[in-house]
Amino acid sequence: MNPQFKKGVLELIVLESVRKKDMYGYELVEEVSEVIDVNEGTIYPLLKRLTNEHYFETYLRESSEGPPRKYYHLTAAGILYRDSLAAEWEEFQERVSKFLKERDGYE
Amino acid sequence: MNKEKFLQELRGYLQVLEDQEQEDILEEYSQHIDMKLQKGLSEEEAIRDFGSMKELAAEILEAYHVKPGFRQRNMTVPFSLTKKERESGKFFRSVADFWKGKFAAAVHGGKNAIQWLGRKCRNFADWAARLFRRKNDYGQTAEAGRMQERISVGTDIDSMSQLPERYGRNDNGINQNIKQEISNKEMNQESNKGMMVSGMGKLLRGMGRGIGMLWRGFLGLCVWGLRTAWNLGWLMLSVFCACLAMIALAGFGTLAVLLFQGYPLAGMLIISLGAILCFGALACGAFSMRIRKNGTISQSEGEVQYE
């Protein structure tokens with residue numbers, strides 16, 4: 001898949017994943033990797049940025065195995081941002097596919 | 001690359017961030033790698049999945065709106081000068097400027113003094129040459145005058161002694177004869193006197209010119225000798241210093257090799273480096289002290305040739 005496509009949509013996928021339930025880093029990476037094949041390293045910077053922009057809150061929770069894990073929780077601002085991104089994505093995706101279908105019709 | 005090394009290297013890229021943030025991010029990656037290990041992957045494989053370290057670091061820094069290229073500039077900060085050091089540098093620079101100014105003034109003064117000395121010498125030479133010539137001229141005129149006097153006196157005596165005989169012999173022709181003879185004699189004597197005077201003058205003038213030229217040549221030789229001696233002295237000093245610098249360089253190389261072999265010679269190495277720089281600077285300084293021919297001396301030579 002084109003890395004440029006991935007980069008744009010990765011933010012939306014991460015936001016959507018955390019919206020369903022709070023997740024810790026590695027869990028999130030695995031979840032995102034199921035949707036799109038992405039460089040695992042790049043998800044952490046994204047999480048960091050979204051946290052810095054207050055779309056995420058973080059808290060530590062003890063785990064049965066190993067050290068406490070940092071969980072990410074979507075804030076109200078994060079939900080609004082996710083909704084706007086999802087709407088943008090829908091519109092964008094519709095336009096592009098419509099454009100592509102029109103071209104098919106001509107041919 | 002193992003986990004330890006990966007985290008260390010990544011930390012190096014994230015120096016610009018606060019320590020807390022660095023720890024935070026590194027903890028995430030550390031946990032990620034641990035999880036991968038639990039799943040049965042090796043550290044190598046887990047780290048390989050992160051891709052390029054540089055891109056990763058750039059993406060992390062981008063999350064903080066930090067320019068990724070900042071790292072290079074940031075890394076130079078420990079080597080850049082603090083305010084205090086900069087001020088002390090300023091102080092040293094001002095001291096250096098002061099001495100440079102003094103030195104330049106001294107050099108300028110020395111140059112002026114030499115120029116002045118050269119000018120005086122030339123003036124003296126001119127004066128001396130003129131003195132000789134004037135004396136000769138005076139001598140010529142005085143001698144000529146004396147000669148003329150003697151000649152005229154001689155004629156008078158001659159004519160006076162001849163006068164009675166002629167007077168007695170022939171009254172009519174007397175005056176004419178006397179006049180003719182006198183004029184003839186006078187003419188002869190005049191021409192002789194003229195030739196003699198001009199010959200003497202020529203001789204004396206030639207002598208004067210010769211003396212002047214000799215004097216000038218002597219002076220030029222003196223100046224040339226002085227300049228050559230000066231240049232030679234500085235050149236020798238320069239060569240000497242250059243040799244010492246070369247020796248220091250050889251010592252530096254030897255010490256460097258020995259240092260790498262484990263001998264405790266770091267101090268000596270620095271000393272030899274200092275010696276190289278010191279002697280190199282001295283050699284350059286001494287070399288630049290030479291006086292070139294187109295300096296003050298050739299100028300004065302040009303002026304002397306006004307005749």
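**Strand β3 of chain A**

I started with β3(A) and asked how many of its six residues are buried. Five of them are, so the strand is largely enclosed by the rest of the structure. I keep in mind that this is a predicted model.

Next I looked up the strand's neighbours. Strand β2 of chain A, residues 56-61, runs antiparallel to β3(A) and is joined to it by six bridges. I picked out one pairing here: Thr58(A) has Tyr72(A) as its bridge partner. Strand β1 of chain A, residues 23-24, is also antiparallel to β3(A), with two bridges between them. There I noted Tyr24(A), whose partner in β3(A) is Tyr71(A).

**Where chain A meets chain B**

I then turned to the interface. I found 21 residues of chain A and 22 residues of chain B in the contact. The two chains bury about 1800 Å² between them, and 50% of that lies on carbon and sulfur atoms.

**Charges and polar pairs**

Lys48(A) turned up again in my list of salt bridges: its side chain meets that of Asp24(B) at 2.3 Å, N to O. I counted six salt bridges between chain A and chain B, and 11 residue pairs in polar contact across the interface.

On chain A's side, the elements giving two or more residues are α2 (25-35), α3 (43-52) and β3 (69-74). I see the largest share, five residues, coming from α3(A). Sorted by class, this side has eight nonpolar, five polar and eight charged residues.

How values were computed
Residues are numbered from 1 along each chain as its sequence is written. Chains are lettered from A and ligands numbered from 1 in the order in which they are written. This is a predicted model: local features need pLDDT of at least 70, side-chain atom pairs count only at pLDDT 80 or more; totals for chains, interfaces and linings use all residues. Side-chain values use heavy atoms; hydrogens and water are left out. Contact means heavy atoms within 4.5 Å. Buried area is the accessible area (1.4 Å probe) that two parts lose on being put together, summed over both. A salt bridge is a side-chain nitrogen of Lys or Arg within 4 Å of a carboxyl oxygen of Asp or Glu. A polar contact is a pair of N or O atoms within 3.5 Å; within protein, one must be able to donate a hydrogen and the other to accept it, and residues adjacent in sequence count only if both atoms are side-chain atoms. Helices (H or I, at least four residues) and strands (E, at least two) are DSSP runs, numbered from the N terminus. Ala, Val, Leu, Ile, Met, Phe, Trp, Tyr, Cys and Pro count as nonpolar, Asp, Glu, Lys and Arg as charged, and the others, Gly among them, as polar. Buried means under 20% relative accessible area, exposed over 50%, partly exposed in between (1.4 Å probe, protein chains only). Two strands pair if DSSP finds at least two bridges between them.
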